[in-house]
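This briefing is for a reader who is new to the structure below.

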Amino acid sequence: MAKYELPKLPYAYNALEPHIDAQTMEIHHTKHHQAYTNGLNTALESLSAELQNMELTKLLASLDKVPENVKGAVNFHGGGYDNHTLFWNNMKPNGGREPGGSVADAIKSSFGGFAQFKEKFSKDTGAIQGSGWGWLAYNPQSKKVEFTTMPNQTSPRTKGLVPLLGLDVWEHAYYLKYQNKRPDYIAAWWNVVNWDEVDKRLSKAK
Ligand code: MN3
């Protein structure tokens, strides 16, 4: 039983051009995200019915309940599945600019302002060694938003955070167009951020 299916993109592969090219989007979605989907379904096969039926967001936050021999696979493929689903939806054509409302307030409270947040997010995500993600996340303990980087496909949910806005800096996310110029990819990506989606996630997380 394949529980998870590759979700459809909410826009065409070329919709984020010139910032993210169509070929990168198509390979990223149909090959990479598909591979995490398949890997997650395979990992789920060896879990108990209780864990199989748990919502993925909850499963990622409960990795301590997953047997050691499949924990790594659930962390990697489950994180990969969830991260990419969030990623496609936290981008949109003609996005970018600055957030308003509650997201703007939360960012101001945690970082001092949007400019400071953008600078930190760009710099620290750009500095990730190897593969990983930069995230704006909501911390239910502090009730504030925070920035975190995560290695490989490990979800921010594994440390109790609710992911709000993620940026994939694996080379597969940008190499065809940007080659080794990760900072150029990051600078371009701000033009496609879907702040309405981030606002929705923040409201739901609170
Ligand atoms: Mn990716």
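Helix H4 bends by about 30 degrees at Val 74; the bend at a residue is the angle between axes fitted to the seven residues ending there and the seven starting there. The model is predicted: local features need pLDDT of at least 70, side-chain atom pairs count only at pLDDT 80 or more, and totals for chains, interfaces and linings use all residues. Residues are numbered from 1 along each chain as its sequence is written, and side-chain values use heavy atoms, with hydrogens and water left out.

- Helices (H or I, at least four residues) and strands (E, at least two) are DSSP runs, numbered from the N terminus.
- The 22 residues of H4 should span 32 Å at 1.5 Å a residue, and this agrees with its end C-alpha atoms, which are 32 Å apart; the expected span is 1.5 Å times one less than the number of residues.
- The manganese ion has four protein donors, His 28 (NE2), His 84 (NE2), Asp 168 (OD) and His 172 (NE2), at 2.0 to 2.2 Å.
- Donors are N, O and S atoms within 2.8 Å of the metal (3.2 Å for Na, K and Ca); water is not among the atoms, so sites may look incomplete.
- Along the sequence, the spacing of the donor residues is H-x55-H-x83-D-x3-H.
- His 84 belongs to H4 (residues 68-89) and Asp 168 to strand S3 (residues 162-168), so this pair ties together parts that are 84 residues apart in sequence.
- His 84 and Asp 168 are both buried, where buried means under 20% relative accessible area, exposed over 50%, and partly exposed in between (1.4 Å probe, protein chains only).

**Strand S3**

- Six of the seven residues of S3 are buried, so the strand is mostly covered.
- S3 runs antiparallel to strand S1 (residues 132-139), and six bridges join the two; two strands pair if DSSP finds at least two bridges between them.
- Pro 163 in S3 has Ala 137 opposite it.

**Salt bridges**

- Side chains of opposite charge can pair when their charged atoms come close.
- The structure holds six salt bridges, each being a side-chain nitrogen of Lys or Arg within 4 Å of a carboxyl oxygen of Asp or Glu.
- One of them joins Lys 92 to Asp 196, with the closest N and O atoms 3.5 Å apart.
- Lys 92 lies in the loop between H4 and helix H5 (101-111), and Asp 196 in helix H9 (residues 195-205), so the pair ties together parts that are 104 residues apart in sequence.
- Lys 92 is partly exposed, at a relative accessible area of 25%.
- Within H9, Glu 197 forms a salt bridge with Lys 200 (3.8 Å, N to O), three residues apart, about one turn of the helix.
- Glu 197 also meets Arg 201 in a salt bridge (3.1 Å, N to O); these two residues of H9 are four residues apart, again about one turn.
- Shared partners join Glu 197, Lys 200 and Arg 201 into one network of salt bridges.
- Glu 197 counts as buried at 17% relative accessibility, and Arg 201 counts as buried at 10%, whereas Lys 200 is exposed at 56%.

- Asn 194 is in the loop between helix H8 (182-189) and H9, and counts as buried at 11% relative accessibility.
- The side chain of Asn 194 reaches the backbone oxygen of Asn 89 at 3.4 Å.

Note on methods
A polar contact is a pair of N or O atoms within 3.5 Å; within protein, one must be able to donate a hydrogen and the other to accept it, and residues adjacent in sequence count only if both atoms are side-chain atoms.
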